[in-house]
Structure formats: structure tokens, C-alpha cells
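Here's a quick briefing to read alongside the model. Keep the 3D view open and pick out each piece as it comes up.

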Amino acid sequence: MRTPGPFLKWAGGKGQLLAEILPRLPGEISGTYIEPFVGGGAVFFELCRVERIARARLCDTNGELVDAYRAVRDHVEDLIAALGAHVNEEAHYYEVRAKDPATMPLPERAARTLYLNRCGFNGLHRVNAAGQFNVPFGRYKNPRICDPEGLRAASKALARAELRVTDFAEACADAGPGDVVYFDPPYLPLSPTSNFTSYAKAGFGEAEHRRLAEVFAGCVARGAYVLLSNSDMPLARELFDGFRIVTVQATRAINSKGDSRGKVNEILVQGLERREAAAG
């Protein structure tokens, strides 16, 4: 039987860092597991696989992304059938890309999202100022457009999840004792040319990172267990000064070319009380 895992390629996916992230989360999560920036959901699916969560809340401001999760959870067989209509051909790709997803039923809308994700250049999800998906055809030889058993396994895992299109602050506004919040925001850019945060209409700049730090501290103050990922930049260390910060290494694209990759430092911030963290 297939175990659950991400069904979308997503920038900054955490599959390669699960061995660093999971040991820093409680062994048994008695409350709700909350991800305000769900992305590909690697941490959620792994926690389901090892049976450490009973209920979850997965959120994002990207409505197309959340719709894909809803379709997998609630209409997985219809989604699988809709994916069967898609082929890895350039003309078909641009025809599908040009369609307005708002005119489609949920399974077909989600199938469009998964198809474009699998066959678009470098697995990017990028939209223009008008909110229109604008990633070019990827020219892959034989991408796997549909993985029925993988989708069914993901659907079973998502049965325990509430899904919301919402801002990160609202996603965890009620987080308290027993709850676990994992923040995986669009990262602070490593250089002026490496800012790939335009996966939704609104960007995620310094002001949003400062607001996130306040929300993080608020969750800690209410008794939730909180963990956050970000790039290892001076501003990130400044914003979370006093909390426990661990440096980890990840392999990331170091420029816009997907085949140009290297090791970069990232940080994990653990939401312990500031004075406890400083003493530890």
C-alpha cells in the first residue's frame, strides 16, 4: 500500500529536510497540527505516515493550491479521471494554461493545476500581476502526469485536515496548548536576483516577515509549540533573536536555472520561551 506524500512539486519543498524537522516537533501531537504555508505539504504527509497527528489545518493564500488539496481530499476519483485527458504536448499545454480555472468544476480545475505543475518548466508555480499562471512548457520527455495510487494515499491522509485559503495570521490565530504550528514562508532572498516569492498575486517582503515574527511570538505566548524555516540571513536571525535557532543545510537552486544547484544554509527556529532558549 502506498504511503502518503506530496503530489505537487513546490518551490522550497521540505522533503530533503524531514530528518531535521521531525525530531524538532513533539513526538505526539495531541492538538491540531497547523501549517499556514502548506506548499507541497511534505511535513504534513510525513507526520501522517508515521501516525503522529490526528487532525490538521492546512492553509495558504494561493487559492489554486488549496483547491488542489480539496479535490484530492474530496473528489480524488474524479480528479484522476480528469487527469486522464491531459497529454505532454506543447500545444495542449498552452491550451490548458490559457483556460480560466474559475470556469471549471473543482476536479477539472485541480487537474489543470497538477498537469501544469508536472509539465511546466522546472515545476514552478508562478503568476503574473493579473494572477494568471505564466510558466512555459517544460519539454520533459515522459513526466508522470497522474499517479493514481499516490493521489489516493494523499486523499486518505487529507481526510484529517481542514483546508483554508487564508492569511498566515488568521490560520493560527487560535493556536494554543497542545497545538503545533509549522511556518514555512516564502524565504528571505539570498540575493537581489533570487527572490522567487511571486507564487501568488501578493509578494512576501520584509514587512510580511516582520509581521510573521510577531505572529510566531504570539503563538508561543499562547502555549503552542512553534517551528519555523527560513534562509540563513541576518534579518531572519534578528527577527527571532532569543529563540533557539538551528542551522541546517539544504540543496537549493542558486539561480533561476533548475540545474544550477548548491548547498545553502537554512535555519530552523524553535518556539521556546525566549529566556529558556537563551539559557539553553
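## A residue to start with

Leaving aside neighbours within four places in sequence, Val-165 is in contact with Asp-60, Thr-61, Gly-63, Val-66 and Arg-70; contact means heavy atoms within 4.5 Å. You'll find Val-165 in strand E3, residues 161-165. Keep in mind that this is a predicted model, where local features need pLDDT of at least 70 and side-chain atom pairs count only at pLDDT 80 or more, while totals for chains, interfaces and linings use all residues. Residues are numbered from 1 along each chain as its sequence is written, and side-chain values use heavy atoms, with hydrogens and water left out.

**The whole chain**

- The protein chain has 11 helices and seven strands. Helices (H or I, at least four residues) and strands (E, at least two) are DSSP runs, numbered from the N terminus.
- Of its 280 residues, 51% count as buried. Buried means under 20% relative accessible area, exposed means over 50%, and partly exposed is in between (1.4 Å probe, protein chains only).
- Take the contacts in the protein chain with a separation of 6 or more: 74% of them come from residues 24 or more positions apart.

**More on Val-165**

- Val-165 has 41% relative accessibility, so it counts as partly exposed.
- Val-165 and Pro-36 are 129 residues apart along the chain, and their C-alpha atoms are separated by 9.4 Å.

**Helices H5 and H6**

- Two packed helices are described by the angle between their axes and the distance between the axes. Axes are lines fitted to C-alpha atoms, for helices over the stretch in contact, and angles run from 0 to 180 degrees between N-to-C directions.
- H5 (residues 90-98) and H6 (residues 106-119) pack at about 135°, with axes 10 Å apart.
- That makes H5 and H6 oblique to each other. The cut-offs are: under 35 degrees is roughly parallel, over 145 roughly antiparallel, 65 to 115 roughly perpendicular, and the rest oblique.
- Where do H5 and H6 meet? His-92, Tyr-93, Val-96 and Arg-97 in H5 meet Arg-112, Tyr-115, Leu-116 and Cys-119 in H6.
- By class, this contact of H5 with H6 has five nonpolar, one polar and two charged residues. Here Ala, Val, Leu, Ile, Met, Phe, Trp, Tyr, Cys and Pro count as nonpolar, Asp, Glu, Lys and Arg as charged, and the others, Gly among them, as polar.
- Within H5, His-92, Tyr-93 and Val-96 are buried. They cover an arc of only 105° around the axis, which puts them on the same side of H5; the arc is that of the directions from the helix axis to the C-beta atoms.
- The buried residues of H5 pack against H6. On the face of H5 turned away from its buried side sit the exposed residues Ala-91 and Ala-98.

- Arg-112 lies in H6. Is Arg-112 buried or exposed? With a relative accessible area of 3%, Arg-112 is buried.
- Not counting residues up to four places away in sequence, Arg-112 touches Glu-64, His-86, Val-96, Arg-97, Lys-99, Pro-101, Met-104 and Phe-133.
- Ala-68 is found in helix H3, residues 63-74. At 0% relative accessibility, Ala-68 counts as buried.
- Ala-68 and Arg-112 are 44 residues apart in sequence and 9.2 Å apart in space, C-alpha to C-alpha.
- Apart from neighbours within four places in sequence, Ala-68 is in contact with Phe-7, Leu-8, Ala-110, Thr-113 and Leu-114.

**Helix H7 and what surrounds it**

- Buried residues in H7 include Gly-150, Leu-151, Ala-153 and Ala-154. The cover over the buried residues of H7 includes H2, strand E2 (56-60), H3, helix H4 (76-83), H6 and E3.
- H2 (residues 42-49) and H7 (residues 148-158) pack at about 80°, with axes 10 Å apart, so H2 and H7 are roughly perpendicular to each other.
- Phe-44, Phe-45 and Cys-48 of H2 make this contact with Ala-154, Ala-157 and Leu-158 of H7.
- Val-76, Glu-77, Leu-79, Ile-80 and Leu-83 in H4 meet Pro-148, Leu-151, Arg-152 and Ser-155 in H7. The residues of this contact of H4 with H7 divide into six nonpolar, one polar and two charged.
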